[in-house]
Amino acid sequence: GDGVFKYYSSGEWKKSSSGKSVPIINPTTRQPHFKVQACTQEEVNKLMEEAKTAQKSWAKTPLWKRAELLHKAAALLKEHKVPIAECLVKEIAKPSKDAATEAVRSGDLVSYCAEEGVRILGEGKFLVSDSFPGNERTKYCLTAKIPLGVILAIPLFNYPVNLAVSKIAPALIAGNSIVLKPPTQGAVAALHMVHCFHLAGFPKGLISCVTGRGSEIGDFLTMHPMVNCISFTGGDTGIAISKKAGMIPLQMELGGKDACIILDDADLDLAAANIVKGGFSYSGQRCTAVKVVLVMESVANALVDKVKAKVAKLTVGLPEDDSDITPVVTESSANFIEGLVVDAKQKGATFCQEYRREGNLIWPLLLDNVRSDMRIAWEEPFGPVLPVIRITSVEEGIHHCNASNFGLQGCVFTRDISKAILISDAMETGTVQINSAPARGPDHFPFQGLKDSGIGSQGITNSINMMTKIKTTVINLP
Ligand code: G3P
């Protein structure tokens with residue numbers, strides 16, 4: 001055809017009536033690689049109507065049948081891992097092995113969701129009235145979990161497939177319909193993922209995938225009266241969405257500034273390995289990346305040396321070659337990262353490597369002796385630049401962590417488990433990892449942020465519950 005990927009609505013692949021497309025720029029070549037449809041508000045209205053209708057009969061489809069279809073989609077996702085991974089390499093410059101892992105992890109997530117869903121939704125509660133003062137046993141109350149309706153899923157570019165299915169699978173097993181708006185970079189990988197659901201044979205209209213410009217359909221989608229829940233992963237846009245959305249449940253994950261606190265009794269080799277993995281995998285473009293190291297002065301030199309040695313071993317280059325460090329997603333992202341680096345330079349940070357950039361490719365950079373007047377101490381680079389702040393007390397580390405507007409995850413390295421637990425309790429974040437880098441997975445673990453990091457809790461179980469509502473029926477006995 002014209003080389004523009006079609007969007008998915010009414011169980012069919014369609015061209016937009018706008019006649020317009022949105023280019024997807026390959027971060028490596030900085031040239032357009034794919035094009036997707038620039039859908040219109042009218043097209044959004046149509047697929048919303050269909051999502052509403054399809055949901056009604058889907059909610060009445062036996063739970064085991066819903067699970068069966070999800071298992072089929074999961075198997076298809078794994079079978080299609082090669083083409084999906086190829087898209088991820090071209091659209092978001094994800095290293096090729098990580099790209100394949102994302103597809104497989106997504107299949108596993110969908111299966112797990114189907115299994116968990118039949119258990120969670122397969123039972124309700126039975127209550128009796130005479131436990132509350134003044135009541136006889138004349139009322140029996142039955143509870144069930146019912147779907148919310150139409151769920152709008154908006155994932156971020158960094159896991160266009162995995163973050164999408166982490167919203168789609170819980171929604172579907174719970175009897176909801178789905179409208180997916182993938183990130184433009186990663187949209188073709190997401191369309192390919194949707195194709196797996198299409199092949200699995202879900203009813204038409206139940207799943208739609210709409211592509212286009214945020215300026216044209218962004219607010220229109222998030223403020224659409226037929227949307228009954230929004231599950232969003234991204235940046236500041238999420239705060240704007242939460243202010244504009246109607247009276248509907250929101251699930252939001254909006255970034256972080258995950259701190260890594262290193263005590264003087266820590267296993268420094270373990271800490272260094274986790275700092276490099278946590279700080280630099282997918283070039284730091286993860287909400288849960290280690291974004292600031294807070295190390296006790298007494299072990300700081302030793303730790304920085306170990307981290308430096310490991311950073312030197314990172315390969316820098318093409319995602320096709322499975323390099324560790326690959327070009328960041330957009331030129332504006334690279335410019336933003338550079339701004340943080342320049343600010344740190346002007347304010348006297350110690351550069352452990354020379355700053356180097358070619359196009360969107362930024363070489364991994366460790367900045368030592370960062371102080372709190374530097375932007376990098378607080379802002380999220382979403383790139384391969386990691387600040388180290390030297391502290392003289394644990395309290396100072398906790399204070400820095402808690403002074404952040406973010407509160408996603410954090411981690412602490414020490415051999416003293418009691419200390420670790422007290423520090424975990426003191427850190428105002430959704431999760432604290434003891435002796436490992438922050439991470440969302442395994443995908444059934446609860447995942448949530450405090451403060452500007454989000455609303456609600458994710459993870460398979462919590463997402464299924466969040467995408468349902470309690471319905472009660474009370475039997476009144478004579
Ligand atoms: O940035 C997305 C966030 O969900 C991180 O996931 O698996 O890299 O910890 P993960």
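A: Before the helix pairs, one convention is needed: axes are lines fitted to C-alpha atoms, for helices over the stretch in contact, and angles run from 0 to 180 degrees between N-to-C directions. Please also keep in mind that this is a predicted model.

Q: Fine. At what angle do helix 2 and helix 6 cross?
A: The axes of helix 2, residues 63-79, and helix 6, residues 187-200, cross at roughly 135° and come within 8 Å of each other. Because angles over 145 degrees would be needed for roughly antiparallel, helix 2 is classed as oblique to helix 6.

Q: And is that crossing left-handed or right-handed?
A: The crossing of helix 2 and helix 6 is right-handed.

Q: Which residues meet there?
A: From helix 2 there are Leu69, Lys72, Ala73, Leu76 and Leu77, and these meet Met193, Cys196, Phe197, Leu199 and Ala200 of helix 6. Sorted by class, that contact between helix 2 and helix 6 comprises nine nonpolar residues, one charged residue and no polar ones.

Q: What about helix 2 and helix 5, how are they packed?
A: Helix 2 packs against helix 5, residues 162-173, at an angle of about 155°, and their axes are 9 Å apart. That angle makes helix 2 roughly antiparallel to helix 5.

Q: Which side chains' residues are in that contact?
A: Arg66, Ala67 and Leu70 of helix 2 meet Ala169, Leu172 and Ile173 of helix 5, and by class the contact holds five nonpolar residues, one charged residue and no polar ones.

Q: Switching to the ligand, which residues are around it?
A: Around the ligand are Asn158, Tyr159, Arg286, Cys287, Thr288, Ala439, Arg440 and Gly441. This shell divides into three nonpolar, three polar and two charged residues.

Q: Where is the cis peptide bond?
A: The cis peptide bond joins Gly441 and Pro442, with omega at about -5°, and Gly441 is also one of the residues around the ligand. Pro442 itself sits in the loop between strand 22 (431-434) and strand 23 (447-448).

Q: Now the phi values. Where is Ser283, and is it buried or exposed?
A: Ser283 is in the loop between helix 9 (268-280) and strand 14 (292-296), and although it is not a glycine, it has a positive phi of about 50°. Ser283 is buried, because 34 other C-beta atoms lie within 10 Å.

Q: And Asp322, where is that?
A: Asp322 lies in the loop between helix 10 (297-312) and helix 11 (331-346), and its phi is near 60°, again a positive value in a residue other than glycine. Asp322 has 17 C-beta neighbours inside 10 Å, so it counts as partly exposed.

Conventions
Residues are numbered from 1 along each chain as its sequence is written. This is a predicted model: local features need pLDDT of at least 70, side-chain atom pairs count only at pLDDT 80 or more; totals for chains, interfaces and linings use all residues. A residue is near a molecule or strand if its C-beta atom, placed from the backbone, lies within 6 Å of it. Ala, Val, Leu, Ile, Met, Phe, Trp, Tyr, Cys and Pro count as nonpolar, Asp, Glu, Lys and Arg as charged, and the others, Gly among them, as polar. Helices (H or I, at least four residues) and strands (E, at least two) are DSSP runs, numbered from the N terminus. Angles under 35 degrees count as roughly parallel, over 145 as roughly antiparallel, 65 to 115 as roughly perpendicular and the rest as oblique. A crossing is left-handed if the near helix is turned anticlockwise from the far one by less than a right angle, and right-handed if clockwise. Two residues are in contact if their C-beta atoms, placed from the backbone, lie within 7 Å. A residue is buried if 20 or more other C-beta atoms lie within 10 Å of its own, exposed if 12 or fewer, and partly exposed in between; C-beta atoms are placed from the backbone.
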